Amino acid sequence: MADYLKRGKPETERAEDDAKTRAVVEATLADIEARGDAAVRDLAAKFDNYTPDSFRLTQGEIDALIAELTPRELADITFAQAQVRNFAQAQRDSMLDIEVETMPGVILGHKNIPVQSVGCYVPGGKFPMVASAHMSVATASVAGVPRIIACTPPWQGKPNPAVIAAMHLGGAHEIYVLGGIQAVGAMAIGTETIDPVHMLVGPGNAFVAEAKRQLFGRVGIDLFAGPTETMVIADDTVDAEICATDLLGQAEHGYNSPAVLVTHSRKLAEETLKEVDRLLEILPTRDTASVSWRDYGEVILCADHEEMLAVANDIASEHVQVMTDRDDWYLENMTCYGALFLGARTNVSNGDKVIGTNHTLPTRKAGRYTGGLWVGKFLKTHSYQKITTDEAATLIGEYGSRLCMLEGFVGHAEQCNVRVRRYGGVNVPYGEGAPYRDAAE
């Protein structure tokens, strides 16, 4: 049985925090629905101390902000965005419309149709999340979404030039400097100046995530996302420095970001605990990372790789860094996670910022039933059908008639029967199922 050398905060305490967040979000969304722009403006003033004449940026304002970036900064953003676009395009190319004739005269098919309007939330109050704009805006653009709006909070009192550049270059049609619940609420519910969207995507803090959860159904969402999570699966092929670095690299996201080491090496586990303490003395973001590590960090000692795999699948972490003598074995056998990062040369930061895979991923065990954001999330697969011959209309109608009557749906059966009468010349009494015909007929 796995041995926890370090445990995080109990689930009961996390549930109490969630309940408080739910109440705040519910009241805030109700206020936005009731008062529209006035509520949004009040919330922006309260939480961001930001009240411009218009939250939507003009093209001139966008151009001026982009001009603040150095050529190197702009080139780096462009490079990262190209990687995201390239992978998203490859994924899109794999999704084909189909049409098949399943039997003579019966044609079935499906079309992949873009969601018609998407609201992309890009966090930025604490750290300007430039990469999140690539992941949501650029990916929606590759999917062909005709209206993409993007919201991000002000950073240090003004729009962040790098985030705005990434949104614009990614293909956003409308850009708003607006954060938090007020941003996702305005995009989903709509106000006097913001038309509502059909879908919300993008990461955010606990309040943004809860707002998306409460708005789901009214609009689509990418997934239910909680705080960033990371897991390191390692054996003694790597050392404590790299394990501790990879754990703390994600713990700095927020005060409640789980970071878990799973290993069968007691020596590595104990040395990693010491190395984490050493790095927290010098890490500039230690005020955040140390709280996450204290409350949500875990070190789990297992008997062997099979137990490590079982523990990892049960936790279903968002990011899983695998550094072992059998990385491909984990790729073949892991079933529940957000994204895998295989080998010591790979790391979660690459996936977060530049390598090309999407960094909006399932958390809180959601990896058991869904993957992360990708171009397919912005596409709706719609089926269609048509019958092109009288013979097919009659045959399918006869089966449909009898099956409808089997369930007691007389009106359904009559939809079939009227076709059987018109196209097959069979006199089916009203309210009865079509007669059975021998195949020889």
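1. The model discussed here is predicted. Start with α7 (residues 180–189) and α8 (residues 206–215). Their axes come within 8 Å and cross at roughly 25°. Angles under 35 degrees count as roughly parallel, so α7 is roughly parallel to α8. The crossing of this pair is right-handed.

2. Which residues of α7 and α8 meet? From α7 come Gly180, Ile181, Val184, Gly185, Ala188 and Ile189. From α8 come Phe207, Val208, Ala211 and Leu215. Sorted by type, the contact of α7 with α8 has eight nonpolar residues, two polar and no charged.

3. Now the chain as a whole. It has 441 residues, and buried residues make up 50% of them. There are 16 helices and 14 strands. The C-alpha atoms fill a box of roughly 85 × 60 × 45 Å along the principal axes. Take the contacts with a separation of 6 or more: 73% of them join residues 24 or more positions apart.

4. The crossing is right-handed. On the α4 side, the contact uses Leu74, Ile77, Thr78, Gln81 and Arg85. On the α6 side, it uses Ala162, Ala165, Ala166, Leu169 and Gly170. The residues of this contact divide into six nonpolar, three polar and one charged.

5. Leu247, Leu248 and Ala251 of α9 make the contact with Thr288, Ala289, Ser292 and Trp293 of α11. Five of the contact residues are nonpolar, two are polar and none is charged.

6. How many disulfides does a search of the whole structure find? The count is zero. Cys302 is in no disulfide; its nearest cysteine sulfur belongs to Cys243, 14 Å away. A pair would have to lie within 2.5 Å to count. Cys302 is buried, because its relative accessibility is 6%. Cys336 is in no disulfide either, and the nearest cysteine sulfur, that of Cys302, is 16 Å away. Cys336 has 13% relative accessibility and therefore counts as buried.

7. Two backbone positions deserve a look. Ala316 has a phi near 55°, a positive value in a residue other than glycine. Ala316 sits in the loop between α12 (305–315) and β12 (319–323). Is Ala316 buried or exposed? Its relative accessibility is 0%, so Ala316 counts as buried.

8. The other position is Arg364. Its phi is positive, about 50°, although Arg364 is not a glycine. Where does Arg364 lie? The loop between α14 (348–353) and β14 (379–387) holds this residue. At 46% relative accessibility, Arg364 counts as partly exposed.

9. Tyr399 is part of helix α15 (residues 390–406). With 44% relative accessibility, this tyrosine counts as partly exposed. Tyr399 and Tyr436 are 37 residues apart along the chain, and their C-alpha atoms are separated by 8.4 Å.

10. Arg421 belongs to helix α16 (residues 410–424). Its relative accessibility is 24%, so Arg421 counts as partly exposed. Which residues does Arg421 touch, not counting those up to four places away in sequence? They are Glu414, Val426, Val428, Pro429 and Tyr430. Lys377 is 44 residues from Arg421 along the chain; the C-alpha atoms of the two are separated by 43 Å.

Note on methods. Residues are numbered from 1 along each chain as its sequence is written. This is a predicted model: local features need pLDDT of at least 70, side-chain atom pairs count only at pLDDT 80 or more; totals for chains, interfaces and linings use all residues. Side-chain values use heavy atoms; hydrogens and water are left out. Buried means under 20% relative accessible area, exposed over 50%, partly exposed in between (1.4 Å probe, protein chains only). A crossing is left-handed if the near helix is turned anticlockwise from the far one by less than a right angle, and right-handed if clockwise. Helices (H or I, at least four residues) and strands (E, at least two) are DSSP runs, numbered from the N terminus. Contact means heavy atoms within 4.5 Å. Ala, Val, Leu, Ile, Met, Phe, Trp, Tyr, Cys and Pro count as nonpolar, Asp, Glu, Lys and Arg as charged, and the others, Gly among them, as polar. Axes are lines fitted to C-alpha atoms, for helices over the stretch in contact, and angles run from 0 to 180 degrees between N-to-C directions. Angles under 35 degrees count as roughly parallel, over 145 as roughly antiparallel, 65 to 115 as roughly perpendicular and the rest as oblique.
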